[in-house]
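Dear colleague,

Please find below the structure that I am handing over to you.

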Amino acid sequence: MTDQHPALVLRGLAKRFDSKVAVAGVDLDVPAGSFYGLLGPNGAGKTTTLSMAVGLLRPDAGQARVLGYDVWADPVHAKGLLGVMPDGVRLFDRLSGAELLAYHGLLRGMDPAVVDQRAAELLDVLALTDAGRTLVVDYSAGMKKKIGLACALLHGPRLLVLDEPFEAVDPVSAALIRDILHRYVRGGGTVVFSSHVMEMVERLCSHVAILAEGRIKRVGTLDQVRGDRSLEDVFVQVVGGRTATGEELSWLSR
Amino acid sequence: MAVAVTPPAGPARRVTAWHFVRLKLRVLGNNFRGQGRRIVLFVVGVLVGLWFASSGFLLLAAPGLAGESRYALLTAAFGGGLLVLGWLLLPLVFFGVDETLDPARFALLPLTRRTLVTGLYAAALVSVPVLATLLTASGLVVTAGALGGWAAALVALVGVVGGLLLCVAAARAVTSAFATMLRSRRVRDLAAALLAVVAALFGPLQIVVMAAVRRADWDRLTGAARVVGWTPFGAPWTAGLDVAEGRAWAAALKLLITALAIGALLLWWSRSLESAMVGAVSTGPARDRRGAVGGAVAQLFPGVAGWARRDRFGVLVARECRYWWRDARRRTSLITIAVVGIFVPVMVNLGGSRFATGSGDAFGEAAANSSPALVSLSMVFVGVLASVTLANQFGFDGSAYAANVLAGVPGRLELRARMTAFSLYVVPMLVAVAVVLAVLLGHPAWLGVTAGALLAAYGSGLAINAFVSVLGAYALPETSNPFAMNTGAGVARSFFALLSMVSSAAAAVPIVVAAALLGDLWRWLALPLGLAYGLGAALLGSYLAGDVLDRRMPELLAAVTPRR
């Protein structure tokens, strides 16, 4: 049944923290096989939206469906199809890279032999084999992102949800992650990721949604959203930021 | 709107301790904003603190009010000494220190070490325990005033304030030094051993006190009090009494001793503070490039969990086992259990009498004094103490728990695996305690009684703490200091720990009652029944609490994720 359904459907997702509305009703349709970029300024509600979509944060209202399965009503099926790399969340970082992968694999009920084989491959491709038995807590920021991605990919999910996968990643690792994600989408997978790196989004995505103040402001294929302008221009216009400073801060120059 | 380009106007304004105090008050206040539960817990904590402080006050003021100068010295020297000792050891073993103002946050500011230490020190003085201690110790002022008039009261007040400063300085210096040691991988195990020794000091101390009390030899006791009065432990508290006895020079000298001790402690603190500030940045990656042996799965399972099946339950157990050893915070708890678990029952059951008689016939008399019910009671305490470590078991994980939420681990499985992993370390320790105690008492036949009570209490404690850990979880700060807690968490931590200890002890009552009522028959029934009781309680607890966990996994994750 999973093939006729969109990879991810969000309907009216809303979340309020104390008095602040973080997400004010988000609707989103992510077609299967798409490479979907969720853009937004800091504090727009990207992390909150994605957390509710994958089952980490209970929404006040709304629905999230992964390939037809409701994340909150039928979590077992939905979570089985999902691979997630959350942002701002620690890994079980007192394990080495290989141990962490083994943990994630067995926790999802995989066969130990398959876990061993895939873990070795992932560590090799992501150039983490050199780290040996170094604990993840001692990894660099880029290495942590890579091992996080490996954990999300290990069980072969149909939908990959990545929160800020390119933050704090050096260009070499970023290129590596990009290649892996491209291969994953070509192989029939779907990727949803949040970012505010315009260049990366323009290069990778087939679809884009711009989120600001907890609402979707623009949504569609990359060409629909940007029209004949650059994505950055559209983004700044939609978000309503200022592009240049005036007379203030003059004391910065001597 | 333009601002003229000007150089900074003169030298920067001086930063004083007052800034730190205001910062701490502000952080405390912001922490309560919109957090009804925290405010309630805080108020409860204050009330409990007040209650204890008032009892302490009455105790220390009693000799003065009754006009008994003989007891005055004893209560001042020993009561005050206990206060200092408590401030010195309790943060290490049980409670941790309030790191509302984390020294590492100040690393980038252009502050001298002196400004920083005095500032953090002043901020540390703004806390409920400090106020409670002040209230307690002011009983000494009343006593000194009643016995020696206004001058004595005034000196006693100075002494009490000095003593309080000493207590806080001692707590800060010691925890900071230990935290530094525990951070460094090289001396970490040495530090752990040292910590064990420190905790072990509780044992001999209590034995000595019990012996002294039983002997009731007032002259010798007074002599001891005089000696203590000349150490930093007793000097600040007894200065007022010296004035009352007409020895002003002694009071002056004692206040000097106090001041010197405070100075030395602050110096020590400022040394370790520096390494705490840069430690977070400069520890550097401890790369371990040694080639891994075997596949990923084989690496994850430690020897102690080697028996486990390579499935979800097994992998949860394996990861927890790794964590109990690799996480400094958890390892510290394990060491505490080991040390306290051995000493408390030994003290309760044979400590006093052995030292009281001072004869070679100690064990015989001790055994005569002890009874299966008393032994069971002390074992219940140990079992409960061991299990209460799990009261915030999800807080140890922090936001890393998200991995389990994403994988949709069933609650019952999760709790059962966590209990199993913890028990792999603790049950052997508990069995050792039971054996040691039975042998020391000279009643090897009581092994069944000790082990049975211990396992029953431990099992029911696991059950209670499964609930507490799901419903009362709170976030621990993400620092490398195993003693650090979040603001306000101190009260919550003590509250939930107390709650779970009382309920766990209540759950184990049937075993103690059985030990008291059944007599000889119990010696044979204790082990199998205790084991069954504990195992049954733990399974039931994981079964019921697992359902609760299934319903509130995201809420639990939010509760243990530190706010930034």
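**Helix α6 of chain A**

In α6(A), the residues A:S173, A:A174, A:I177, A:R178, A:I180, A:L181, A:Y184 and A:V185 are buried. They lie on the same side of α6(A), because the arc that they cover around the axis is only 165°. Please note that this is a predicted model.

The other side of α6(A) carries the exposed residues A:P171, A:V172, A:R183 and A:R186. As for the packing partners, the buried residues of α6(A) pack against several elements of chain A, among them the strands β3 (35-39), β7 (159-163) and β8 (190-195). The helices α4 (112-125), α5 (141-153) and α7 (198-204) of chain A are also packed against by these buried residues.

The length of the helix can be checked as well.

At the start of α6(A), the backbone nitrogen of A:V172 has a side-chain oxygen of A:D170 within 2.9 Å. Just after α6(A), A:G188 adopts a positive phi of about 105°.

**Salt bridges**

Side chains of opposite charge can pair when their charged atoms come close. Over all chains, a search of the whole structure finds 27 salt bridges.

One of them joins A:R58 and B:E555, with the closest N and O atoms 2.6 Å apart. This pair crosses between chains: A:R58 is in the loop between α1 (46-54) and β4 (61-66) of chain A, and B:E555 is in helix α23 (residues 553-560) of chain B. A:R58 is partly exposed, at a relative accessible area of 30%, and B:E555 is likewise partly exposed at 30%.

Within chain A, A:D87 forms a salt bridge with A:K145, the closest N and O atoms being 3.2 Å apart. Because A:D87 lies in the loop between β6 (82-85) and α3 (97-107) and A:K145 in helix α5, the pair ties together parts that are 58 residues apart in sequence. A:D87 is partly exposed, with a relative accessible area of 25%, whereas A:K145 is buried, with 11%.

In chain B, the side chains of B:D311 and B:R309 form a salt bridge at 3.3 Å, N to O. B:D311 is partly exposed at 26% relative accessible area, while B:R309 is exposed at 63%. Elsewhere, salt bridges with shared partners join B:R319, B:E320, B:D327, B:R330, B:D397, B:E414 and B:R418 into one network.

With kind regards

Technical notes:
Residues are numbered from 1 along each chain as its sequence is written. Chains are lettered from A and ligands numbered from 1 in the order in which they are written. This is a predicted model: local features need pLDDT of at least 70, side-chain atom pairs count only at pLDDT 80 or more; totals for chains, interfaces and linings use all residues. Side-chain values use heavy atoms; hydrogens and water are left out. Buried means under 20% relative accessible area, exposed over 50%, partly exposed in between (1.4 Å probe, protein chains only). Helices (H or I, at least four residues) and strands (E, at least two) are DSSP runs, numbered from the N terminus. The arc is that of the directions from the helix axis to the C-beta atoms. Contact means heavy atoms within 4.5 Å. A polar contact is a pair of N or O atoms within 3.5 Å; within protein, one must be able to donate a hydrogen and the other to accept it, and residues adjacent in sequence count only if both atoms are side-chain atoms. A salt bridge is a side-chain nitrogen of Lys or Arg within 4 Å of a carboxyl oxygen of Asp or Glu.
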